[in-house]
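Dear colleague,

Please find below the structure that I am handing over to you. My findings follow directly after it.

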Amino acid sequence: MLVNPAVLEKVIDASLATGADFAEIFLEDTYSSSLTFLNRKPEQAIVGNLYGAGVRLFFGHEVIYVTTNDLSEEGLIKAARQAANAKQDKALDAQGQQSPRQSLKLAAFDSIHRFGSRAWETGKDQKFSLLQSLDQIARSHSSLVTQVDAGLFEKFQKVQIANSLGRLVYDERAYSRLNCEVFVEDGGIRESASDREGHMGTAEIFEAMDKDGFVKTGVQRALKLLRAPFAPAGEMPVVIDNAFGGVIFHEACGHGLETTSVAKGASVFCDKLGERVANDCVTAIDDGTIPNGWGSLNVDDEGYPAQKTVLIEKGILKSYIVDQMGARKTGYKPTGSGRRQSYKFAPASRMRNTYIAAGNDRFEDMIKDVDYGLFAKSMGGGSVNPGTGDFNFAVQEGYMIRNGQVAKAVKGASLIGRGIDALGKIVKVSQDLKLATGMCGSVSGLIPAAVGQPQILVSKLLVGGRA
Amino acid sequence: MDSIKDSFQKIQSLATADGAQAELLIHEGESLEISYQGQKLEKYESTTSRQGGFRVLWRGGQGYSFTEDFSAEALVRAYREALSNAKALRAGLKDALDADSPPLAEPVDFQGLDHLDSTEDVSLTAKMELALELERQAFAQDKRVVQVPYAGFQEIRAQSRILNTKGVDAQFGQRYFSGYSYVLARQEAQTKAGGEGFFSRDFAKIQIEPVCRSAAQKALSRLGAKPLPTGRYTVILDKEVIPAFISMLLGHLSAQHVLDEKSLLKDKTGQTIAASILNLIDDPFDERGGSLRPFDSEGTASQRTPIIQDGVLKTYLTNLETSQKLGLDNTGHAHRSPTSQLGIAPSNLVIQSGSSSLNDLLGARDKVVHLTNINGGLHAGYKQTTGDFSLPAEGFLYKGGQCLGPVDQFVVSGNILELLMKIESIGREYNRPGHSILSPDLLISELSFAGA
């Protein structure tokens, strides 16, 4: 526990003084470490601490959020009063009914995650050796490698959450992530490729990983791009590879299913519950309960257990991604999806580990079905406007498909489309599901979120290459 | 004496004993965000933050740490962690040249920007009413405005202070107000988005109606958009989309990226890298800009820096260490936050204006695409290593100076360095204040478009 629950009860009382019907305190003590290796030598070592709290009040559908760095009883009560008093201003039309506070009762749970040693207890030398080995492996695979930028990022977060309904939880979360970007140059032409691995857990897991395989993939991709021509422009069938290929679902649909957009009517998926939004082959899941999963949580940042949520079942929209305020506004049940980057942000409905479930098709058959199209093997970042459903994402490594066979590599392709429209064009889903790690940025900050899918065939997408 | 100065002096003695040099960067701020949804308060977020970040130099190794606890003990602990990181890095350095510690800034006088830290008294009621109007007036513009999913007001007070063991102790504070209205307009089955923002250092001068009118007009004018046929077109890059394109250059202008073999502009100083009509200046004192600063993150006094003059690259942006390594002047562009490592960043980048009006530019060729909107982030369509971009965009198609209507569902592709060479004409009106990249409209001879 970061703060004595008896103190938190006083803070909740102070925050309810002007008629809020719900109060919550989120407390955080986070240690983070960032080590990077560049120019064949250790480049950067930053460690630090985030320490603060956020008080959130609901007055009906109105939300007030105030943060503080002062976790003393006086500091927390001051923040609580500031939040409560924001409501007293004449500009506000008081409508909340004050509810009595319930006594705090610790909700105990068994962690679904297994952590090794804590981040700061493994020596920096050992971690730099790991990064150095990535540099050496990359350079050993090709003399055209000119630079390697490798990084190890770790976070150990202690959270304590209490609310006026009597809910009290304490949890510890460890995250670690390894990045490696390889730069190659040949005849004045430069390219790069990057890869990453991450999980909820501590960094010693990377000692056991297949470092050679991890780095070699990137080197080979960068070398292929050096010689690849630009992708053509125009609409065509696209086969998207598994793992990080799942970013298409994350962007095209996932964000539009968050109640942050749905409750405002600012999503193309509004009022579509129970309706067909995709073909039978598409089942999509947002799962916060995968042990040691990158986007998993024991409890979300509102203090409630993470769940496994079926979003789309055989093409029918089954659920949105719902946080506490989203539940109030829409009437749907919360799905344990309230998340935030840190105490500096009020929570919002966010994705966890989001993926298209395994289907019945075979990858080989998807390729065979395409006369002229694109195989997007490695995806880059993506973004979406949930209001219009317009999304775009970059293809890091792509190949033309000609006459049912994977042909030459192409670079510079991006894929664009509209959410529901693109979802309806997924016509085949393979059996080979894989997940990958990403960082997702939205209203409540940057959070770890996994994406995933088996290989899929989209019958038509606009490929933005060179005309 | 203030408690931070007091703590830092103790740390200075420790550093001397350790044979180290130390720098402490403190960012302190308050932010208030208010937004309404359906005329009900959707969000009232008040955050206060204070972070201190140490950079410690020890025999060529640089280590960092940060903390939100400013007790004397916590600051000493943070100093020691940074020192331990510096030692860990030093252990990994084999190169004798690297064994010299990069220098710290010496104390100097700065051009004052004290007037930016306004003390104007604004009531909470006034701020809330303004936030409410950002939604209400957007709906009032046109009945086709069906949603205002994002409309909000923000007030920021930010203070930056830097102390180092050479005696630097400099402070800079500012306060500003900003806000936006973002609407969805619907006609038949098509939904189009449009947004507009404002930025002001003076609350009394904020006008809401023009912001809402512009947001609604942008969305409404995009209704009825048709797909653009694939091909190569002459393009007018609207002043509002230029920041997205110029920001692609930022990494390449950094002397650090030049040293790290990541910049496409390596070995290009003194060479023509853009059309001869292009002049790009870094101006930390241009008050229209959102990135004013009297000193950089090392404490070096800021100055105006011509970067591209008549198409020729004059300098990279440097800090103390990189200027020394490359034998260039220090341009005062060290940049970091308390939680990040020292890097390099521009202040306000300003493209010098030309003489053409937007209408002149739109009529300058038989067929042009007026590119008004980039959809989606650069992370999803720009590759820094090569300078290649491929981004979904929206705009209007013009023939003989006449607008044929809005176009969408296309991707514009090219390479940022090639684009600089293709600038044929520069407009005379600037984008709205508050951006840290200030530019007029630009006519680009040709870019590739993937559409229908």
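The notes below take the two chains in turn and then the interface.

The model is predicted: local features need pLDDT of at least 70, side-chain atom pairs count only at pLDDT 80 or more, and totals for chains, interfaces and linings use all residues. Residues are numbered from 1 along each chain as its sequence is written, chains are lettered from A and ligands numbered from 1 in the order in which they are written, and side-chain values use heavy atoms, with hydrogens and water left out.

**Chain A**

Chain A contains nine helices and 22 strands (DSSP runs numbered from the N terminus, helices being H or I of at least four residues and strands E of at least two). Its radius of gyration is 24 Å, close to the 23 Å that the globule rule gives for 467 residues, so chain A is as compact as a globular protein of that length. That radius is taken over C-alpha atoms, and the rule is 2.2 Å times the number of residues to the power 0.38. The C-alpha trace of chain A spans about 70 × 55 × 40 Å along its principal axes.

An open sheet of six strands in chain A has the order β11-β10-β9-β14-β21-β20, with mixed pairing (two strands pair if DSSP finds at least two bridges between them). At the edges stand β11 (316–317) and β20 (434–442) of chain A, each with a single partner strand, so one side of each is left without a neighbour in the sheet. Within chain A, strand β14 (residues 353–356) and strand β21 (residues 445–453) are parallel and share three bridges; A:Asn353 stands opposite A:Ala450 in β21(A).

**Chain B**

In chain B there are 10 helices and 21 strands. For its 452 residues a compact globule would have a radius of gyration near 22 Å, and the 24 Å of chain B agrees with this. The C-alpha trace of chain B extends over about 75 × 55 × 35 Å along its principal axes.

Chain B has an open sheet of five strands, ordered β11-β10-β9-β14-β20, and the pairing is mixed. Its edges are β11 (312–313) and β20 (437–438) of chain B; each has a single partner strand, so one side of each lacks a neighbour in the sheet. Strand β9 (residues 280–282) and strand β14 (residues 349–351) of chain B pair in the antiparallel sense over three bridges, and B:Ile281 has B:Val350 in β14(B) as its bridge partner.

**The interface**

In all, 74 residues of chain A are in contact with 76 residues of chain B (heavy atoms within 4.5 Å). The buried area between the two chains is about 6100 Å², with 49% from carbon and sulfur atoms; this is the accessible area (1.4 Å probe) lost on putting the two parts together, summed over both.

The rule finds six salt bridges across the interface (a side-chain nitrogen of Lys or Arg within 4 Å of a carboxyl oxygen of Asp or Glu). B:Lys262 forms a salt bridge with A:Asp149, where the closest N and O atoms are 2.7 Å apart. Strand β2 (residues 41–59) of chain A gives the most to the side of chain A that touches chain B, with 12 residues. β2(A) also pairs in the parallel sense with strand β3 (residues 61–67) of chain B, over three bridges, and A:Ile46 stands opposite B:Tyr64 in β3(B).

Yours sincerely
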